[in-house]
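I opened this entry to look up aromatic ring pairs. My notes follow the structure.

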Amino acid sequence: MYQPIVELDSGRVIAFEALARWQLNGEMIDPDVFVPIAARSGLLPDLTDHMMGLAGAQLDRWSTALGHRQLQVSVNVPP
């Protein structure tokens with residue numbers, strides 16, 4: 001899922017933020033639940049890599065479709 005980042009002065013969308021979401025049996029699991037589980041289980045680096053790959057691929061698709069390379073996508077990366 002992608003959330004727009006909006007410039008407050010103009011109301012213009014200037015970037016997007018990639019949001020990790022997990023659905024299990026039709027129910028959305030809150031990131032406050034699954035991110036700590038991923039961290040404790042040692043899967044957080046894999047989740048981060050996965051999100052970076054998805055965001056980069058989506059950015060490429062949007063840039064190609066719109067014909068320019070000025071779009072930006074942010075991904076929250078754990079320390």
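I looked for linked rings first, and ring pairs join Y2, F16 and W62 into a cluster. This is a predicted model, in which local features need pLDDT of at least 70, side-chain atom pairs count only at pLDDT 80 or more, and totals for chains, interfaces and linings use all residues. Residues are numbered from 1 along each chain as its sequence is written, and side-chain values use heavy atoms, with hydrogens and water left out.

I searched the whole structure and got 3 aromatic pairs. I took rings of Phe, Tyr and Trp (its six-membered ring) as paired if their centres lie within 6.5 Å, with planes under 30 degrees apart as stacked, over 60 as edge-to-face and the rest as tilted.

I looked up Y2 and W62: the ring centres are 5.1 Å apart and the planes stand at 70°, so this pair is edge-to-face. Y2 sits in strand β1 (residues 2-6) and W62 in helix α2 (residues 44-66), so the pair ties together parts 60 residues apart in sequence. Helices (H or I, at least four residues) and strands (E, at least two) are DSSP runs, numbered from the N terminus.

I checked accessibility next. Y2, at 25% relative accessibility, counts as partly exposed, and so does W62 at 24%. I used under 20% relative accessible area for buried, over 50% for exposed and in between for partly exposed (1.4 Å probe, protein chains only).

I then looked up F16 and W62, a tilted pair with 4.9 Å centre to centre and 40° between the planes. F16 is in strand β2 (residues 13-18) and W62 in helix α2, 46 residues apart.
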